[in-house]
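Biologist: I have a structure open and some questions about it. Can we go through them together?

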Amino acid sequence: MPEGSAGIDPRDSEQHLRALEGILRDPEFAPYIVYERVLEAREGRYAPFPPGLDERVAAALRRRGIERLYTHQLDVWNMLKEGKNTAVLTPTASGKTLCYNLPCLDILMKDERARCLYLFPTKALSQDQQSELNGIVSPDGSGGFFPGLPVKAVTYDGDTPESLRIAARDTGRIVISNPDMLHAGILPNHPKWIKFFSNLKFVVIDEAHAYRGVLGSHVANVLRRLRRVAAFYGARPRFILCSATIANPAELARSLTGEETLLVDNNGAPRGEKRVILYNPPLVDAVQGIRRGVVGESRRWMLALLRAGIKTILFAHSRIRTEVAASYVNEDLANLYTANERIRVEAYRGGLLPNERREIERGLREGDIQGVVSTNALELGIDIGGLDASVVAGFPGSFNSFWQQSGRAGRRGGVSVSVFIASSSPLDQFIMNDPGWFFRKSAEEARLNPDNPYIFTDHVKCACFELPFRDDDLFASGVKGAADPFGGEAFTALSMLEEEGIVRHTGGAGNVPGAGNAPGGQGRWHWADRSFPAEGVSLRSASAGNVVIIDVTAGRNAVIGEMDRPSAKEMIFPNAVYIHRGRQYLVESLDIVNNKCFVREAEVNFFTDGLVKTDIKVLCEDEEFRYSGGGGPEKGGEKPAFLGVLGDVLVRSQAARYKKIRFHTHENIGYGDIDLPEEEMQTRALALLFGKETAGGKMLQSMDEEEAGSVLSGAGTLARLIASVYLLCDPRDLGLAERVRDPHFGVPALYMYDRYPGGTGLAESLSGKMETLFRSVFTALEKCPCGQGCPSCVGPGGNKKGTLNFLRAVTAEWEAV
């Protein structure tokens, strides 16, 4: 059978189905199930192995029980045989792995010099693919679960010991890595990889939908550098991308690879029945609109599923919430089960050490661990065995993420269930008030901005370190493969870097400024600095280098985790509570300069949460919009709903205080001060202006300053959260600041800004979605059942009536058309 179609014992499926029916009818849960959707099972569509497939590969697959392909796997094969780059868009557990393993193994068996590069967004996925390949290949043809193919597949990432790295790059036929290692470890050292790059045939980019926003913008530039180095050694590899469902897969593929890429999206894989449950926790205070907490409710669901023998994953979305939820579940299980029968549940999140991650992954695959509480670290396609249920505690920020997390259950066939537990977030309650919209909603677009000036310049530095830039190549056009992947824009960046003494220009006629005017002759740009540029560029955060967390209890001095610098300032400040795999630690000191945090084991009854204050200064105004009747910017209407200005801003932020939150009750039991330097960031923002000439401004004029501030805050908070749905970003990727009288524009204003230096295109994308966004905000607030305001809309102390009137005035301008 094709990959991904392995079934489970029907008796287990029936038992789980009966247990699930019992839980859904349980009076503790049933009254609060808002909606249940059954996604019917679907038969697969199949195709025979292609005629040109190497018989040794076909035989190895048959020994693993794979006798035929899904139709989409054959389509990918055919496109690649025509020399086309290919992007595969099919759901979770649809056999995407074989889409790229098949052509790669075929060419490796036919050409003994050929090499392939597999890139995964996480180390865990790399290890998972290594395990998958070990079942098919081995250097001597004898390894794996079945006799394998004589192809050496190696993992080359930050966890690979130095003793194995030379052999990996010299003899590895398939190198499995991640963009971070390609960026900092492989490309800067390409002279050591001559044999590999000279014979590179395929580059596989799995989980391509993960490369959006900041990470995607960096990865697109890393792939530009990869194409430069490969071309230098005479290779032009084809790209194979695999993605979960998004609205613009072909566009994303082109943006990442810089080359034309064809799409395969006719999924031929079968699907087991899945039940999707939307659950809204009960109200505990109807007047204030306060519901039971999402952590407590997700804990109850997970316990009920585990007791019924249903292996479960709970997605808790933040490191703190993940550790807290896992601790609660383990406490309950410890009281209910004897040591011999105890159900084991682990927390899985970023910051765990490599051996800890692999121990948990192995435990899930082998059945030693029955439940896991995870951040989105397990959202991607890591093989963690046959999970039957997923619990999603609060909307994860995008529909794409939700369906990925939902897809973690039921990967082995049979009936599975996914439970979405709503938090008090306005977006979650918007979904609960219109569950049909939740299922009708099409996939979001994945956006990235490879030409972000900060990101682009950083990678021009790295590329120049690797190979000199040639003037001819920068401005070449029309010759296939001749032009440098960075194009003419690199000339501007290189000229700036030359002024700083980082690069030098030699030969040619010198620098000729101006659009389209290239330096003449055979000029070259050489790296002239002593630094190693890739070391200073992080692909995943605005700053390079992570803070290591060191346990100094009883003189241990043991590293127990790590965290990026911006998060460290908000989560592991002095006196913060740090939770690691259920154990509590108090932070003694945070040394930001040297990237070290020292913690000591402690037993406390609370956890901590940093509070950040923000200040904004407008640097320049690039584009103005008039939002009025017709919906879009710059369209009709005598009185605009509001105005918009797109431009650069300077954002200053600082974690100044923190609050202590008691375990279980989640009540606030006190505050503390944080003494850490502020962060400065230049980024892109969309300022929404409500002057007296606008409908929104006229409404705000009728209010006193305090009421206007409350209304702006309520509307802005709702808009920021709901905007993330339309931008395919985490709500934390967008910043918000409201000003009753903005010092720059002199009118009430809402700033929505990109929380990454230089911006990643979120503000620009948002500028075209105002009508849709404000209609959704108005609907969400109008349908909220509370009286005066609650955590699900404008907040318990908010001004619901005033905010509704304000939004009604704004949206009326569009309704009138």
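Biologist: Let's start with V645. Which residues does V645 touch, leaving out those up to four places away in sequence?
Modeller: V645 touches E621, E623, E624, A685, L686, A687, L689 and F745. Keep in mind that this is a predicted model.

Biologist: Where does V645 sit, in which strand?
Modeller: In strand β28, which covers residues 642-662.

Biologist: Is V645 buried or exposed?
Modeller: Buried. The relative accessibility of V645 is 7%, and the cut-off for buried is under 20%.

Biologist: Next, R684. Which residue does R684 bridge to at 2.4 Å?
Modeller: D622. The two form a salt bridge, and 2.4 Å separates their closest N and O atoms. R684 belongs to strand β30 (residues 679-689) and D622 to strand β27 (residues 606-627), so this pair ties together parts 62 residues apart in sequence.

Biologist: Which other salt bridge does R684 make, the one at 2.9 Å?
Modeller: That one is with E764; their side chains meet at 2.9 Å, N to O. This pair also links distant parts of the chain.

Biologist: Why does D106 count as buried?
Modeller: Because its relative accessibility is 0%. K110 is partly exposed, with a relative accessible area of 46%.

Biologist: How many salt bridges does the structure hold?
Modeller: The count is 39.

Biologist: Which residues are linked in a network of salt bridges?
Modeller: E21, R25, E36, E273 and R275 are linked that way.

Biologist: Switching to helix packing. At what angle do α7 and α9 pack?
Modeller: About 50 degrees, with their axes 10 Å apart. Helix α7 spans residues 179-186 and helix α9 spans 213-232. That angle makes α7 oblique to α9.

Biologist: Which residues make the contact?
Modeller: From α7, they are P179, L182 and H183. From α9, they are V219, V222, R225 and L226. By class, that contact has 5 nonpolar, 1 polar and 1 charged residues.

Biologist: Is the crossing left-handed or right-handed?
Modeller: Left-handed: that is how α7 passes α9.

Biologist: Zooming out, how many helices and strands are there in the protein chain?
Modeller: There are 25 helices and 32 strands.

Biologist: What share of the residues is buried?
Modeller: Of the 817 residues in the protein chain, buried ones make up 56%.

Biologist: Last one. Taking contacts between residues at least 6 apart in sequence, what share joins residues at least 24 apart?
Modeller: For the protein chain, that share is 71%.

How values were computed:
Residues numbered from 1 in each chain as written. Predicted model: local features only at pLDDT ≥ 70, side-chain atom pairs only at ≥ 80, totals over all residues. Heavy atoms only, no water. Axes fitted to C-alpha atoms, helices over the stretch in contact; angles between N-to-C directions. Helix = DSSP H or I, 4+ residues; strand = E, 2+ residues; numbered from the N terminus. Parallel < 35°, antiparallel > 145°, perpendicular 65-115°, else oblique. Left-handed = near helix turned anticlockwise from the far one by under 90°. Contact = heavy atoms within 4.5 Å. Nonpolar A, V, L, I, M, F, W, Y, C, P; charged D, E, K, R; others polar. Salt bridge = Lys/Arg side-chain N within 4 Å of Asp/Glu carboxyl O. Buried < 20%, exposed > 50% of the residue type's maximum accessible area, 1.4 Å probe, protein only.
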